[in-house]
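Here is a short report on helix packing and chain contacts. Please have a look at the model first.

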Amino acid sequence: MSSSSDAKMQNLLDAITVALQHDDDIEPIINKSNISHEEIDGLASVIQSLHTAFTPIAPSAKFANNLHAELMGTRPRRVVSTVRHLPARVHVAAIITIVAGFGLLVLRRLMGDTTPQDIVDEPLAV
Amino acid sequence: MMKNIFRRKSYKDLDDTELVQLAKDDKEAFGELYERYMPKIYSYIYYRTSNQHDAEDLTARVFFRAMSHIGNYVDKGVPFQAWLYRIAHNLVANWHRDQGRRKVIPLDDYVVHSLKSESPDRLAEDSEEQEKLMEAIHRLPEERQQLLLLKFIDQLSNAEIGDIMDRTEGAIKSLYHRTLLSLRDELQMQEHQATNRRPKQNKG
């Protein structure tokens, strides 16, 4: 395919895509082009399928309003949301720290609450 | 009150460049930019993460990041919209890396909802076709998947997509053409394989 026919085809594909997005009939566009149905039909069918498959997803009104308020500073940012936005490695580090701290507390409780000071204060057996 | 109404009205009339300049010192100007672009950015992220919670988290991060960096933003050929999409693209890429997930568009759950047919037979047929289409899209390189999202979900022009993907308008047109050819060939191959399998199954 030459570069000029490539460009014609690319423009036609673009026009078909835009027409479908505006719910316009694509048949007149194809007929007006100098490209045969045989060449374009397969591609037009793919565009049609993509157009059907992809539908924009709207955010919830609650989310949109809350985020707007947080950005404008009229609503404090939620701690949970701030924590969730941290990178995964920070989450892992935080979990390890919490588990290690808890483990240390349990260990000390099992060892009878002995502190280095207790050992120092303990009278030496003569 | 009247002053606010006038100000709000004037924000709506301003173009992005003017709003960005104002937004450097004025949160309400940023609020107008947020209203213009948040739904599109959300939709883009939603299709790239496949779930509402992560889409909401990442959308929030995009706008907090944009707000904190807007003071340094200078339009050097990259319009504000493209700048926002680039932030979203980078955050989604980091998200995929952190999650260790494949960079695919997980659309399968949403396709069924978008089918417009009402007949059960037709619905099943459409659903099967859409499934094949999605499989074919999953096999495309990431940049082609991104192009399809920007074109069909956000309905951006080739020039706008070019700004986001750092390519010329012509390069985007060409990439779109090649993407459609790949999809068509892939779907035809699947169809061919399915046709070849049928007689064997009947014989068995």
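This is a predicted model: local features need pLDDT of at least 70, side-chain atom pairs count only at pLDDT 80 or more; totals for chains, interfaces and linings use all residues.

Residues are numbered from 1 along each chain as its sequence is written, and chains are lettered from A and ligands numbered from 1 in the order in which they are written.

Let's start with the helices (DSSP runs of H or I, at least four residues, numbered from the N terminus). In chain B, α2 (residues 16-23) and α3 (residues 27-49) have axes that come within 7 Å and cross at roughly 140°. Axes here are lines fitted to C-alpha atoms over the stretch in contact, with angles from 0 to 180 degrees between N-to-C directions.

| Helix | Contact residues |
|---|---|
| α2(B) | B:Leu19, B:Leu22 and B:Ala23 |
| α3(B) | B:Ala29, B:Phe30, B:Glu32 and B:Leu33 |

Between the chains, 39 residues of chain B are in contact with 33 residues of chain A. On the chain B side, the largest share, nine residues, comes from α3(B).

Finally, A:Leu110 sits in helix α6 (residues 88-110) of chain A. A:Leu110 is exposed, with 8 other C-beta atoms within 10 Å; exposed stands for 12 or fewer such atoms. A:Leu110 and A:Lys62 are 48 residues apart in sequence and 49 Å apart in space, C-alpha to C-alpha.

Conventions
Helices (H or I, at least four residues) and strands (E, at least two) are DSSP runs, numbered from the N terminus. Two residues are in contact if their C-beta atoms, placed from the backbone, lie within 7 Å. A residue is buried if 20 or more other C-beta atoms lie within 10 Å of its own, exposed if 12 or fewer, and partly exposed in between; C-beta atoms are placed from the backbone.
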